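Visitor: Please walk me through this structure by question and answer.

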Protein chains: 2
Amino acid sequence: MPRPPSVTEDRLIDEATAIITRDGLRELTVGTLADALGVKAPSLYNHVSGIDDVRLQVGTATVTRLGDALTDAAMGRSGEDALYAICHAYRLFAQRNRELYPLTVASPAGRDDTFDRHAWRALRPLYAVLAACGFEEADAVHTARLIRSSLHGFVSMELAGAFGLPESVDESFDQMVGWVLSLLDA
Amino acid sequence: MPRPPSVTEDRLIDEATAIITRDGLRELTVGTLADALGVKAPSLYNHVSGIDDVRLQVGTATVTRLGDALTDAAMGRSGEDALYAICHAYRLFAQRNRELYPLTVASPAGRDDTFDRHAWRALRPLYAVLAACGFEEADAVHTARLIRSSLHGFVSMELAGAFGLPESVDESFDQMVGWVLSLLDA
DNA sequence: TCCTTAAACTAAGCTTATTAGTCATAACAT
DNA sequence: ATGTTATGACTAATAAGCTTAGTTTAAGGA
């Protein structure tokens, strides 16, 4: 029927991810992305609804990778051991994807079902640990929110350069993780 | 010597703040700000170096107001009582300034001395509580980072709509504050 | 071969940020 | 009073970004 597209969804997300990683979030534009794909800017509108859509799709792909990283970290461990690994994997992912990480927090401009589904899925290892430690439904939710808040707050402030004092940031993180682990005893 | 400016720094920041609060961060542009000030767009460059500079200055003003709110909350209280008030004042400020709050986290695009000074000043009530509770130098820094991480992480995720489940967000916050307060006993 | 269909293209609009260069004016020194 | 001058406001213009409209092209099926 139609001619084969030179732009596939995978290639689009890959190139957009590469631009953000290499040059920063602000350098992802319709123009730079079209160039990277070897196509003129308006042609992108055959594949996405706009630049916000591209960012959303990159965010979805990134939060999926984050979930994979957390799952890998928790694999084969349990309890405090697993939670410790999850915390450190979370921070490591943010550090290695400093420009992409902000896209994982939430879908800007209102709900997006696909993003939300993938974001929820990324939290499975965390909920698995809590469930295995005997946390009931609602309590698991509150505790997971606390842990996510601490982790996201820490890494986003760290990436933003909000920790200005000379004290070791690694040590601060270790101390915070220790505190998070103690939640499992309660 | 020169003629009196129709655009003062105060008015500029006030109007920019009003636009962000009323219409959202994305609506703050050189054009909308110039209109609000009754001036043509290029005239703004006699007062600021660009739109990023405007955002930075609004952020500085906002983080100062945040510090005032925290100071007011802690006034006349001490220990757990003061920290409880600080936590709730922090969240309330973010909720009442949802569009402005992201500007308080850090100066984008590298250090800005003025912003950093005001941001540091905003943390004084927190450090005061910790000092009064006997926290030593480095330990106070690590603990303050933990508390800031939890608070910032929670409110930024809440504002971003990252807590999708039906469980009460207020209850999650209360539980988190309870844990934060328990830090003072350690 | 010809038609359908989707994806590419060109052209063009509008918005935003910014720079260059000009003009107006109010405060100050004389 | 008057002229100087610094400053801020203006017009004009450019470049970049996002998007829409409308046209062309090419591959696969009839």
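This is a predicted model: local features need pLDDT of at least 70, side-chain atom pairs count only at pLDDT 80 or more; totals for chains, interfaces and linings use all residues.

Guide: Residues are numbered from 1 along each chain as its sequence is written, while chains are lettered from A and ligands numbered from 1 in the order in which they are written.

Visitor: Which pattern does chain A follow along the sequence?
Guide: Helices (H or I, at least four residues) and strands (E, at least two) are DSSP runs, numbered from the N terminus. Chain A has eight helices and zero strands. Its C-alpha trace spans about 60 × 45 × 30 Å along the principal axes. Read in order, the pattern is α-α-α-α-α-α-α-α.

Visitor: How much area is buried between chain A and chain B?
Guide: Buried area is the accessible area (1.4 Å probe) that two parts lose on being put together, summed over both. Carbon and sulfur atoms give 59% of it here. The total is about 3,300 Å².

Visitor: How many residues does each chain bring to the contact?
Guide: Contact means heavy atoms within 4.5 Å. Of the interface residues of chain A, 97% are also interface residues in chain B, so the copies meet through the same surface. The numbers are 39 residues from chain A and 40 residues from chain B.

Visitor: How many salt bridges cross the interface of chain A and chain B?
Guide: The rule asks for a side-chain nitrogen of Lys or Arg within 4 Å of a carboxyl oxygen of Asp or Glu. Arg26(A) and Asp52(B) meet this way, at 3.4 Å from N to O. Across the interface the count is two.

Visitor: Which helix gives the most to the side of chain A that touches chain B?
Guide: Helices α3 (51-74), α7 (137-160) and α8 (169-181) of chain A each supply at least two residues to that side. The top contributor, with 16 residues, is α7(A).

Visitor: What kind of aromatic pair do Trp179(A) and Trp179(B) form?
Guide: Rings of Phe, Tyr and Trp (its six-membered ring) pair if their centres lie within 6.5 Å; planes under 30 degrees apart count as stacked, over 60 as edge-to-face and the rest as tilted. The structure holds nine such pairs over all chains. Trp179(A) lies in α8 of chain A and Trp179(B) in α8 of chain B, so this pair joins two chains. With centres 6.4 Å apart and planes at 80 degrees, the pair is edge-to-face.

Definitions and conventions:
Side-chain values use heavy atoms; hydrogens and water are left out.
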